[in-house]
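Me: I have a two-chain structure open and would like to learn how to read it. Could you walk me through it step by step?

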Amino acid sequence: MNGSFPLVEGDEPSAAFYDAAARGELLMQRGPSGTVLPPEARTDPDSGSADLEPVVVSGEGTLVSWVVVHQAPLPALADAVPYVSAVVELAEGPWLMVRLLADDPAALRAGAQVRVRFVPSGSEEEPGELLPVFEPV
Amino acid sequence: MTGAAIAGLGLTEMGKVYGRSSTSLAAEAVRLAVADAGLGLSDLDGLLVSAGVKQDVNVNLAAVLGLHDLVVLNQVNAYGATAGVMVAQAAQAIAAGAATTVACVFADTPLKPKQSAGAAWGSGAKRPGAAKGLRGMAGWSVNSGATNPNILYALCARRHMERYGTTSAQLAEIAVAQRAWAVHNPLAQMREPLTVADHQASRWIADPLHLLDCCLVSNGAVAVVVTAADRAASLAKPPVHVWGYGQAHAPRRMHAGSDWGLVTPAGRSGPAAMRMAGIGVDDVDVAELYDCYTYTVLVTLEDYGFCAKGEGGAFVSDGRLAPGGKLACNTGGGQLSSYYMWGFTPLSEAVIQARGDGGARQAPRNDVVLVSGNGGILEHHSTLVLSPHERKAS
């Protein structure tokens, strides 16, 4: 139940994130208060500051919630169903909405340990960026 | 302060209504609501417009309706919370003397012929000529697979199940109870009785949500006319008094300690509206709760204080919300079984119930009718407290 990963092409704003993924690193952001934030964050809610810096995190986390998706939400994901989408809490605090590689979704439980893994998007003929996904430890 | 009342209600055809624009349906709904109140279009001095999924109706509706002399005109959007927000804005404008008669209208036409309901929510990704790959950070987001409300609400329901032991069979109780009400609603799209077994056998959309946990998709429009309570009393229909309103907004925080999915802004909006109305949950005779998914009803009941946090599953069991149950809830069948008009689904049924016009589905008591609106992914909330009676001075 691990699906396929539609082709992703990086662009200027996403270059640092995908370059880190290619090195096997998960890149987040950190605000002046020290709070670690997901890549899409634009403001550090603890300080109100928009001054965020990149930070590499451990890639370790716990499972907050998950869903076994049977009906593809987009045509691009038609070949991927069924697959597992999850909310993961990184050890550093931020929550990420991610794909979870799970051979036995029935065995998943909230609080379970998970870690990042990097998988290629696209196909062998047409490879795209490496993507951070998660799997149970 | 001048109290406000809903004096008119207009509903167009609902469901698979094809060949008409949202604007055309919106205009019809306003005309129907004005006529229902015994008024003419020229009596309106305010118009609030809400567009749904298609976002293709706006303030130009005033020109379409020939309304050339308004003092209030705006497009309002708090997603599924919009209906309650609009009625509150209309009531405030009337209380302040800024307007006398305000129409609030919602219209949407997401459905097309020969298209599944699911496809109505698709994105531009299927357009011919779309980029071959997904670009930038959006590519990672799309690959998470959590890209539509079905999946995001399922994440919320799963959290509740893991934390409190809530089950899919308990969610089924909500769908079954609402269908039992819809059987008696001539306006409802789905009127065949339903069992818990039917719900459990319906296909998975996003496990833990089955097909029968999810709302319908409908084309159509609904409008209400809000005016001063004393004026409403002399109009064509019995007034539905606005006793209280509230709203609260909590865009989800994606961080450790977040209670997203387990606790919603209903927990602030509901008590605020009930405080303003001078009532408590025990006074509620009819609850018309926004039900984009069965789980939305369950978590709203908890956040409003009908039961303790975590006890929603037990609370909705044994037919409590069904006809003859202890709490008349979503008496028209709700968005799950009647029609999906964002917050105008619960609002329209609330007006029908408060007037005593529910026919075979009329609730046994209707002195206090509670209406909820919910938008985003349990992130935006509005509440109305309505009554056929003028509110006693406190």
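Reply: Gladly! Let's begin where the chains meet: 38 residues of chain B are in contact with 44 residues of chain A. Two residues are in contact if their C-beta atoms, placed from the backbone, lie within 7 Å. Keep in mind that this is a predicted model, where local features need pLDDT of at least 70, side-chain atom pairs count only at pLDDT 80 or more, and totals for chains, interfaces and linings use all residues. Residues are numbered from 1 along each chain as its sequence is written, while chains are lettered from A and ligands numbered from 1 in the order in which they are written.

Me: Which elements give two or more residues to the side of chain B that touches chain A?

Reply: Elements are helices (H or I, at least four residues) and strands (E, at least two), read as DSSP runs and numbered from the N terminus. On that side of chain B they are strand S5 (134–135), helix H4 (136–144), helix H5 (149–164) and strand S6 (204–207) of chain B. By class, the residues on this side are 14 nonpolar, 15 polar and nine charged. Here Ala, Val, Leu, Ile, Met, Phe, Trp, Tyr, Cys and Pro count as nonpolar, Asp, Glu, Lys and Arg as charged, and the others, Gly among them, as polar.

Me: How many bridges join strand S1 of chain A to S5(B)?

Reply: First the general idea: strands of a sheet pair through backbone hydrogen bonds, either parallel or antiparallel. Two strands count as paired if DSSP finds at least two bridges between them. Strand S1 (residues 8–9) of chain A and S5(B) run parallel, joined by two bridges. Look for A:Glu9, which stands opposite B:Arg135 in S5(B).

Me: Which residues are buried in H4(B)?

Reply: A residue is buried if 20 or more other C-beta atoms lie within 10 Å of its own, exposed if 12 or fewer, and partly exposed in between, with C-beta atoms placed from the backbone. In H4(B), the buried ones are B:Gly139, B:Trp140, B:Val142, B:Asn143 and B:Ser144. They pack against S5 of chain B and, in chain A, against S1, strand S6 (83–90), strand S7 (95–100), strand S8 (113–122) and strand S9 (127–136).

Me: How should I read chain A by itself?

Reply: Start with its elements: chain A has one helix and nine strands, in the order β-α-β-β-β-β-β-β-β-β along the sequence. The radius of gyration (taken over C-alpha atoms) of chain A is 15 Å, close to the 14 Å that the globule rule (2.2 Å times the number of residues to the power 0.38) gives for 137 residues, so chain A is as compact as a globular protein of that length. Buried residues make up 44% of the 137 residues in chain A.

Me: What is the order of the three strands in the open sheet of chain A?

Reply: The order is S3-S2-S4, and the pairing is antiparallel. Strand S3 (36–37) and strand S4 (53–57) of chain A are at the edges with a single partner strand each, so one side of each has no neighbour in the sheet. Strand S2 (residues 26–30) of chain A pairs with S3(A) over two bridges, and A:Val36 in S3(A) is the bridge partner of A:Arg30. Helix H1 (residues 15–22) of chain A packs on this sheet, touching S2 and S4 of chain A.

Me: And which domains does the assignment give for chain B?

Reply: Domain bounds come from an automatic or database domain assignment. For chain B it gives domain 1 (4–108) and domain 2 (147–216 + 240–394). Their C-alpha centres lie 24 Å apart, and 21 residues of domain 1 of chain B are in contact with 27 residues of domain 2 of chain B. Strand S1 (4–11) and helix H3 (82–95) of chain B each give two or more residues to the domain 1 side, and H3(B) gives the most, with seven residues. That side has 15 nonpolar, six polar and no charged residues.

Me: What is the strand order in the ten-stranded open sheet of chain B?

Reply: The order is S3-S2-S4-S8-S1-S9-S13-S12-S10-S11, with mixed pairing. Within this chain, strand S12 (residues 369–375) and strand S13 (residues 380–387) of chain B pair in the antiparallel sense over seven bridges, with B:Val371 opposite B:Leu384 in S13(B).

Key: Axes are lines fitted to C-alpha atoms, for helices over the stretch in contact, and angles run from 0 to 180 degrees between N-to-C directions.
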